[in-house]
Amino acid sequence: MEKIREVARCPGLYCGRYLLENGNWSECGACPRGFKVNETSLCAPCTDQPVFYDWLYLGFMVLLPLIFHIFCIDNISSVRTSYSSTTGILVLHLSAFLEVGIAAVLTLYLADPMGTFEVRSCRVRMLSDWYTLLHNPNPNFEETIHCTQEAVYPLYTMVLVFYAFSVCLMMLIRPWLAKYFVPKGGKVTIYAALYLYPILALLHSVFGGLIYYSFPYIIIILSVISSAGHFAVELDQTMRNLILSTVRDVRNAVIVIGHWALHAYGIVALTELKDPVFHLTLMALVPLPAIFYILTARFTDPHKVHTD
């Protein structure tokens, strides 16, 4: 009877038992980090590998601060007046890529198993895996059993570690570059990022599961809106000018290509390329939002709207 009691099932979705040093099973509670409750309420080690969708999600979380850095740095370029300031803008862009890239590499290198670029994970099964805090059982409405744990190990903590590395690297690298290359406006990008990272960490902590399941749609929708906003700032909304400004201006061309790349990333994340031949043909739709805007801009020109 004692043996049966020790391995009895635990209440709740995420409460489990783990083996103690004396050979007995623990009371029902949270599993250690890197473990997850199995069907018999025992804490089993995570032995899965992140699936393709998981890697795309992690890539999205890396892209978020990078896109924000690029946006802030690009805003400084509107006041550049000399070749040196243009060079400074490029240096800051390079700095942002290095900060985010090195932070991502360090995060992967330090993930379990440490020292490799492989990741040992627990497979995400459902939305509640991200919110174990909300599923602590209360048997018979008496004492609550606290079983909060990282059931999506290590997708939750990896992102927070990445943000921490990004902040540290930014503070080590960018102030020196901003001081020598963009002394008048470079510090603004640092201040903005110091606001950004806590906001991103808070959003990830609260809405991580929702973002995990919806980020492909977020990418596609925001890339379309941002692309339209980019063309909308042009004073001359004629088809000829919109095309020429994109082709002749390197900055505009890079922005448009960046939007297309994000749109393609969203399509890949949405389809997961489960049917490679068909889903890769969907890449032909990537330029469609930009083409649609250019072709229809003349019909939305406020100067051509007549009122009685």
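Start by selecting valine 167, which at 24% relative accessibility counts as partly exposed. Buried means under 20% relative accessible area, exposed over 50%, and partly exposed in between (1.4 Å probe, protein chains only). You are looking at a predicted model, where local features need pLDDT of at least 70, side-chain atom pairs count only at pLDDT 80 or more, and totals for chains, interfaces and linings use all residues. Residues are numbered from 1 along each chain as its sequence is written, and side-chain values use heavy atoms, with hydrogens and water left out.

**Stop 1: around valine 167**

Valine 167 sits in helix H4. Helices (H or I, at least four residues) and strands (E, at least two) are DSSP runs, numbered from the N terminus. Show Leu194 and Tyr197: valine 167 touches both, not counting residues up to four places away in sequence. Contact means heavy atoms within 4.5 Å. Now pick histidine 259.

**Stop 2: the annotated segments**

The UniProt record (unreviewed entry) places "transmembrane region" at residues 55-76, 88-111, 155-176, 188-207, 213-233, 253-271 and 277-295. UniProt positions are given in the numbering used here, feature names are shortened, and annotations may be inferred rather than shown by experiment. Select 155-176. The chain there is 100% helix and 0% strand, and its end C-alpha atoms are 33 Å apart. Then select 277-295. Here the chain is 68% helix and 0% strand, with end C-alpha atoms 29 Å apart.

**Stop 3: two domains**

Colour residues 15-233 as domain 1 and 234-301 as domain 2. These bounds come from an automatic or database domain assignment. The C-alpha centres of the two domains lie 28 Å apart. At their contact, 24 residues of domain 1 meet 23 residues of domain 2.

**Stop 4: the largest pocket**

Rolling a probe the size of a water molecule over the atoms shows where empty space is left. On a 1 Å grid over the protein atoms alone, a cavity is a set of points where a 1.4 Å probe fits but cannot get out; a pocket is an open set with protein on both sides within 12 Å along at least five of seven lines; lining residues have an atom within 4 Å of a point. Grid points are joined across faces, edges and corners, and a volume is the space filled by probe spheres set on the points.

The largest pocket holds about 1500 Å³ of space. Of its 43 lining residues, Ile67, Ile70, Phe71, Ile255 and His259 are the closest to its centre. Show helices H2 (52-76), H3 (83-110), H5 (186-232) and H7 (250-271): each supplies at least two lining residues. The lining has 25 nonpolar, 13 polar and five charged residues. Ala, Val, Leu, Ile, Met, Phe, Trp, Tyr, Cys and Pro count as nonpolar, Asp, Glu, Lys and Arg as charged, and the others, Gly among them, as polar. Where does the largest pocket lie? Domain 1 and domain 2 both give residues to the lining, so the pocket lies between them.

**Stop 5: the second largest pocket**

This pocket holds about 340 Å³ of space. Select Lys36, Val37, Asn38, Glu39 and Arg125, the closest to its centre of the 18 residues that line it. Strands E1 (35-37) and E2 (43-45) are the elements that give two or more residues to this lining. By class, the lining has eight nonpolar, four polar and six charged residues.

Serine 41 is in the loop between E1 and E2. Is serine 41 buried or exposed? At 3% relative accessibility, serine 41 counts as buried. Serine 41 has a positive phi of about 65°, although it is not a glycine.

**Stop 6: the cavity**

The whole structure has one cavity of 30 Å³ or more. The largest cavity has a volume of about 40 Å³. Select its lining: Ser223, Val224, Ser227, His259, Trp260, His263, Val286, Pro289 and Ala290. H5, H7 and helix H9 (288-296) are the elements that give two or more of the lining residues. Both domains give residues to this lining, so the largest cavity lies between them.

**Last stop: two cis bonds**

Find the loop between H3 and helix H4 (155-181), where proline 113 lies. The peptide bond from aspartate 112 to proline 113 is cis, with omega near 0°. Proline 154 is also in the loop between H3 and H4. Its peptide bond from tyrosine 153 is cis, with omega near -5°.
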